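Hi everyone, thanks for coming. Let me put the structure up on the screen, and then we can walk through a few parts of it together.

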Amino acid sequence: MNPVLDNFLVVTALAASAVYALFKLGPSALRRALLARVANWVALAPGWCGLRGVAARLGAAAVKSSGSCGGCDNCGSEGGAAQASPPASVSASASEIRVPLASIGRRER
Amino acid sequence: MEALSGAHPIPLVALVGNPNCGKTALFNVLTGSRQKVANYAGVTVERKEGSLVTPSGSRVRILDLPGAYSLDPLTPDEQVTADVLLGRRAGESAPDFVVCVTDATNLRQNLRLVLSLKRLGLPMVVALNMTDIARRKGIVIDPERLSRELGVPVVETVGVKVSGAKRLIDMLDSAAIPPRATGKFEWRTPSSDDIARDQAEVRRILKAVGADRIDGVTFSDKLDAVVLHPVVGPLILAVVLFLVFQAVFAWAQVPMDAIKAGVDALAGWLGQTMPESLLKGLLVNGILAGVGSVFVFLPQIIILFFFILLLEDSGYLPRAAFLLDRIMGSVGLSGRAFIPLLSSFACAIPGIMATRTIQNPRDRLATIMIAPLMTCSARLPVYALIIGAFIPQRTLWGGLQLQGMVLFVLYLVGVASAMAVAYVLKRAGAGARFQSLMLELPAYHWPILRNLAIGLWQRVEIFLSRVGTIILALMVILWALSSFPAPPPGATGPAIQYSIAGHLGSWLAVIFKPIGFNWQISIALVPGLAAREVAVGALGTVYALSATGENVSGALTPLITHSWSLPTALSLLAWYVFAPQCLSTLATVKRETNSWRYPIIMAAYLFALAYLGSFITFRVATALTNLG
């Protein structure tokens, strides 16, 4: 095999792995920012590229990723998930449940 | 769709009902999703949304809400349901339509929520679910009569059958449902008089529809007389769990050997056909050695989850919670903590989320803090690797496997440590005082094959996607860190010793030397922080690169058998019983407690426990080995 092609494949695999690991294991804010940035870049593409749908999906994913816990995907709660398609009016935090411990109390009679 | 035109551009239909009445099964049928279902209360703790296209082509959004006994929430999961229905959730208005799912075999309890929802004023239909089981029990309810008595439409459904929701879909598609009134829905906490009135109304309706018969001794009651017996019950539980762990080793050997042979053959073929190059090193020593070492444990994970799903679907698990209530109460936990802790055997993340079903905040916090001590499935490859390498494949009395027994003991150690930590938390004032357990025990039923198959497939999917994504990515990075920079001219040791990872391993080995870890183990612990099973892949890569000469991608077990002492292996097992090596778990704790305080405390105490546990294990094992 050509050594140049060999090295190119190794460097590509390494770069892709590093970006993926950073994306999956990094903080959710980073993930959100990355997705939003990529969505903006894709949206700038000329109309004939037909990438508007991709940009919209990336934008939606950027909003959805705010609910991520760190991205291990191990819990199965996202596995085979239903089509989580919050309406445009729903804020990012609405798809996530935040119940502070202190606010969980007994029923008041 | 005329009928469901409401506040939302696409009508929003909420599935509401008591816990364990089959809402999620119905949701899966309506939306084609594969959300987790099981035969116990509290499986769904957050809202799930999907969509349904009706036969006339209209699109409807379907919302699956956590089970609730009333609109007056006691637990965080019930709070979610009440907030959604009352339109209190930020950025989300109340649903346009409610499908109140009821268990036809337990209408007496379910109708109280129906009456509450009716008072709320949202357009509603009652789905009389599990009618197939009800008929088998001799309970026949006329939906039309029930509809007249309740004053709302009633349809029969069977949530576990694909065709079981046809009538409901037809109703959602029809124009018979009035649009909901606009504005806020007011709810006031019912007084004791209101509750008494509701109970009287439930009795009247049951009598009118001929469902007021109270069953005598059922099959479940007869079985419970044995399963819940104070002496026999715990024995049965211990035997069931013991046999599960026996099966994990006894049944998995053949498929594991087949996978191992496949990985070896592929590595051998690549080694022979490819010329020496960086790409060959990456493929053989990085990807195959690393990813192959983890992939080989797939059969054991499938077997473990097969049994867990079987127990879940049969209705046995809530009984186990009941049996363990006394023990859990003695360390400051309630029996309600059992289900979250049991979920943690799959992964601590759903376990921690399942603590939302716990009413008392201190009890909930104590359960969150001990959940990572339950042996999650990511630990299984680590345990299986070390057990396979150091525990002989010996059969003891009665055909019991020694390896299976050791695995069982490791799981027990995890549980015992969790109980000990809960006791300490109780003494320190962070745990809850003993509270009596009120838990609904569902009727036993034969596990549904479809549920089993879906559950198993999801576990396989999750495992394979982890192996093919994050584990693969980390192995590629580790290979690069272990291969560069290249050794200086005239170097005699393996190349990895001169690499970045080699240097890092040498520094870390200073910290881990007192607990018996060598530099290879020390390196593997770092990527293992992402997820525990990554450590196995990392060991595969590190040892493949540490070896000189022939390709060793498929031979991690004999390699560690020769390079580790027994005390080191036991010390690493002890490390993995305690260490919180999963960043996602800590992130989930932060999210669930809304504070960084608890994940930091959790990480600190678990690392301290891991180091102490490994230190004691290593020292004691070394002393015993020397004596021997």
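Before we look at anything, one term: the bend at a residue is the angle between two axes, one fitted to the seven residues ending there and one to the seven starting there. Please also keep in mind that this is a predicted model.

Now, with that in hand, find helix H19 of chain B, residues 449-483. Where does H19(B) bend? The place is Ile471(B), and the bend there is about 40°.

Phe484(B) and Pro485(B) are joined by a cis peptide bond, with omega at about -5°. If you want to find Pro485(B) on the screen, look in the loop between H19 and helix H20, residues 500-512, of chain B.

Next, a pair of helices in chain B: H17, residues 379-390, and H24, residues 566-578. Their axes come within 10 Å and cross at roughly 165°. Angles over 145 degrees count as roughly antiparallel, so that is what H17(B) is to H24(B). The crossing is left-handed. Who makes the contact? From H17(B) we have Arg379(B), Val382(B), Tyr383(B), Ile386(B), Ala389(B) and Phe390(B), and from H24(B) there are Leu566(B), Ala569(B), Leu572(B), Leu573(B) and Tyr576(B). Sorted by class, the residues of this contact are 10 nonpolar, 1 charged and no polar.

Here is another pair, also in chain B: H5, residues 143-150, and H7, residues 192-209. The axes of these two come within 9 Å, and the crossing angle is roughly 150°. That makes H5(B) roughly antiparallel to H7(B) as well. Is the crossing of H5(B) and H7(B) left-handed or right-handed? It is right-handed. On the H5(B) side, the contact is made by Arg145(B), Leu146(B), Glu149(B) and Leu150(B); on the H7(B) side, by Ile205(B), Ala208(B) and Val209(B). By class, that gives 5 nonpolar and 2 charged residues, with no polar ones.

One last stop, and then I'll take comments. Have a look at Asn20(B), in the loop between strand S1, residues 12-17, and helix H1, residues 23-31, of chain B. Asn20(B) is not a glycine, yet its phi is positive, at about 60°.

Notes. Residues numbered from 1 in each chain as written. Chains lettered and ligands numbered in written order. Predicted model: local features only at pLDDT ≥ 70, side-chain atom pairs only at ≥ 80, totals over all residues. Axes fitted to C-alpha atoms, helices over the stretch in contact; angles between N-to-C directions. Helix = DSSP H or I, 4+ residues; strand = E, 2+ residues; numbered from the N terminus. Parallel < 35°, antiparallel > 145°, perpendicular 65-115°, else oblique. Left-handed = near helix turned anticlockwise from the far one by under 90°. Contact = placed C-beta atoms within 7 Å. Nonpolar A, V, L, I, M, F, W, Y, C, P; charged D, E, K, R; others polar. Expected span 1.5 Å × (residues − 1).
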